[in-house]
Amino acid sequence: MPQVSETIPEALKPRVDAALAWFNASADAAEDEFKVTGILDADEALSGSDELRLILCGGDRCEQRSFRVGGTVDAWEIDFADSALAPQDAKPQAELDPPPGPRLRWLDEKLSQHAFVVLLFYRGFW
């Protein structure tokens with residue numbers, strides 16, 4: 001099972017920030033401004049892997065996305081890690097649901113904006 005951490009290690013912050021900026025500029029962000037709320041298996045990325053598995057929250061949704069981030073601080077090379085491996089209609093794995101911390105902040109934010117919020121859980125997805 002993946003290890004989820006809400007704290008991004010200092011050594012990964014430049015790569016995480018680059019991946020976040022790249023994602024926010026992509027069509028997948030759908031003009032929402034996403035924030036990184038967690039990282040999966042940070043130890044793998046720290047041990048030399050160019051893959052970052054991030055939990056991104058923005059607008060009314062949270063998603064787990066995997067990025068390949070290579071290059072240097074001045075010239076990052078970024079792409080989705082799973083773009084060539086997974087079919088476009090593949091569903092995310094339920095166990096990669098964001099950790100409780102980001103969910104609670106998201107819920108508090110939505111409750112302050114609306115009179116009520118309907119949460120729908122279906123087979124581990126929310």
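Rings of Phe, Tyr and Trp (its six-membered ring) count as a pair if their centres lie within 6.5 Å, with planes under 30 degrees apart called stacked, over 60 edge-to-face and the rest tilted. The structure here holds 6 aromatic pairs. It is a predicted model, in which local features need pLDDT of at least 70 and side-chain atom pairs count only at pLDDT 80 or more, while totals for chains, interfaces and linings use all residues. Residues are numbered from 1 along each chain as its sequence is written, and side-chain values use heavy atoms, leaving out hydrogens and water.

Here are two of the pairs, side by side.

| Pair | Centre to centre | Angle between planes | Class |
|---|---|---|---|
| W22 and F80 | 4.9 Å | 70 degrees | edge-to-face |
| F23 and F34 | 5.1 Å | 85 degrees | edge-to-face |

W22 sits in helix α1 (residues 13-25) and F80 in strand β5 (residues 75-80), so this pair links distant parts of the chain, 58 residues apart. Helices (H or I, at least four residues) and strands (E, at least two) are DSSP runs, numbered from the N terminus.

W22 is partly exposed at 29%, whereas F80 is buried at 14%. F23 is buried at 0%, and F34 is buried too, at 1%.

F23 belongs to helix α1 and F34 to the loop between α1 and β2, so their pair ties together parts 11 residues apart in sequence. Ring pairs join W22, F23, F34, F67 and F80 into a cluster.

Key: Buried < 20%, exposed > 50% of the residue type's maximum accessible area, 1.4 Å probe, protein only.
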